[in-house]
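Me: I would like to learn how to read a few features of a structure, one at a time, with the general idea first and the case at hand after it. Could you take me through them?

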Amino acid sequence: MPLDCGATVVKYVLCLFNFALFWGGAAVLGIGIWLAADQTSFLTLIKFTQAENVQNLVQPAVITQSAYLLIAAGAFIFIVSFLGYCGAVKESRVLLGLYGAFVLVIVALEITAGSLAATYQQEAEKEIKSYMMTALKEHYNTQQEADALTTSWNLMQGQLSCCGVNNFTDFAGTPWMKNRTSGHLLPVSCCKLRGKLIDFQPEDQRCMTSPTDDNSYRMKGCYSRIIEYFHSHMEIVIGVGVGLGVTQILGIVFAFCLCQAIDNDFIK
């Protein structure tokens, strides 16, 4: 039984949207597998492209952990978009139902997380701050021993002009403290930087050994800077959240509407 005009439009909208996501997920998954299987060729490519400043971010541990994250994210997007695309193309109520259910679960989790965070705001803030402190104490290391978390911390500190969770004293007891260059009191990413961010070149070379409020951000914690950043970009945050939510809800509605429009006598 042919679909009516409205159902046909819904079908092709789902097809196009999930087709784009499908190939995007496949690309992310492929890059993740490539990084996990062959780091040497990736490092060689960086050298050939003369991207010397990127080498600060491509320690073996960083590449490995990034690869696993890319594989997980790519596989999830690949599977969900595959269900949506194939379900729409084949007009399969089973695949469309699975697709709609997956997206519905995602939306439900997002709403639940947002509601809990709003209801228990103080507790949520304490947990986030505690998690940041634990991650810093257990994993933050020197650039030579950097993993993905260390690299993320350095980029965050450089971008947000902050240092530690509360201030530079948070680095006491971290792996960085054990492996640091003798005399350094804080990492270079806590200094006021010049040039490109990922070069991590301090304006004052004495910053690491003699940090002051003039040459570093030693007393500006990253937790408070993150809160300030979100408050100052609240319109963008709300816009992205609303856009994402509307897109997901439309995906659910379109999937179940198309299911309803497909002939009930055939379950493909």
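Reply: Take residues 12-37, whose end C-alpha atoms lie 37 Å apart in a span that is 100% helix and 0% strand. Helices here are DSSP runs of H or I with at least four residues, strands are runs of E with at least two, and both are numbered from the N terminus. This is a predicted model, in which local features need pLDDT of at least 70 and side-chain atom pairs count only at pLDDT 80 or more, while totals for chains, interfaces and linings use all residues. Residues are numbered from 1 along each chain as its sequence is written, and side-chain values use heavy atoms, with hydrogens and water left out.

Me: At which residues does UniProt place the feature "transmembrane region"?

Reply: The unreviewed UniProt entry places it at residues 12-37, 67-86, 98-120 and 236-259; the positions are in the numbering used here, the feature names are shortened, and annotations may be inferred rather than shown by experiment. For residues 67-86, the model gives 100% helix and 0% strand, with the end C-alpha atoms 27 Å apart.

Me: How far apart are the end C-alpha atoms of helix 9, and what should its residues span?

Reply: The expected span of a helix is 1.5 Å times one less than its number of residues. Helix 9 has 28 residues and should therefore span 40 Å, which agrees with its end C-alpha atoms being 40 Å apart. The buried residues of helix 9 are Gln-248, Gly-251, Ile-252, Ala-255, Leu-258 and Cys-259, where buried means under 20% relative accessible area, exposed means over 50%, and partly exposed lies in between (1.4 Å probe, protein chains only).

Me: How should I read an aromatic pair, and how many are there?

Reply: A pair of aromatic rings is described by the distance of the centres and the angle of the planes. Rings of Phe, Tyr and Trp (its six-membered ring) pair if their centres lie within 6.5 Å, and planes under 30 degrees apart count as stacked, over 60 as edge-to-face and the rest as tilted. By this rule the count comes to eight aromatic pairs. One of them joins Phe-22 and Phe-82, a tilted pair with 6.3 Å centre to centre and 35 degrees between the planes. Because Phe-22 lies in helix 1 and Phe-82 in helix 3, the pair ties together parts that are 60 residues apart in sequence. Phe-22 is buried at a relative accessible area of 15%, whereas Phe-82 is partly exposed at 37%. Ring pairs also link Phe-19, Phe-22, Trp-23, Phe-78, Phe-82 and Tyr-85 into a cluster.

Me: Which elements give two or more residues to the lining of the second largest pocket?

Reply: Rolling a probe the size of a water molecule over the atoms shows where empty space is left. On a 1 Å grid over the protein atoms alone, a pocket is an open set of points where a 1.4 Å probe fits, with protein on both sides within 12 Å along at least five of seven lines, and lining residues have an atom within 4 Å of a point. The second largest pocket is lined by 14 residues, of which Leu-21, Val-80, Val-103, Ile-106 and Gln-248 lie nearest its centre. The elements that give two or more residues to this lining are helix 1, helix 3, helix 4 and helix 9.

Me: Where is Phe-200 found, and is it buried or exposed?

Reply: Phe-200 is found in the loop between strand 1 (193-194) and strand 2 (201-202), and at 5% relative accessibility it counts as buried. Although Phe-200 is not a glycine, it has a positive phi of about 50 degrees.
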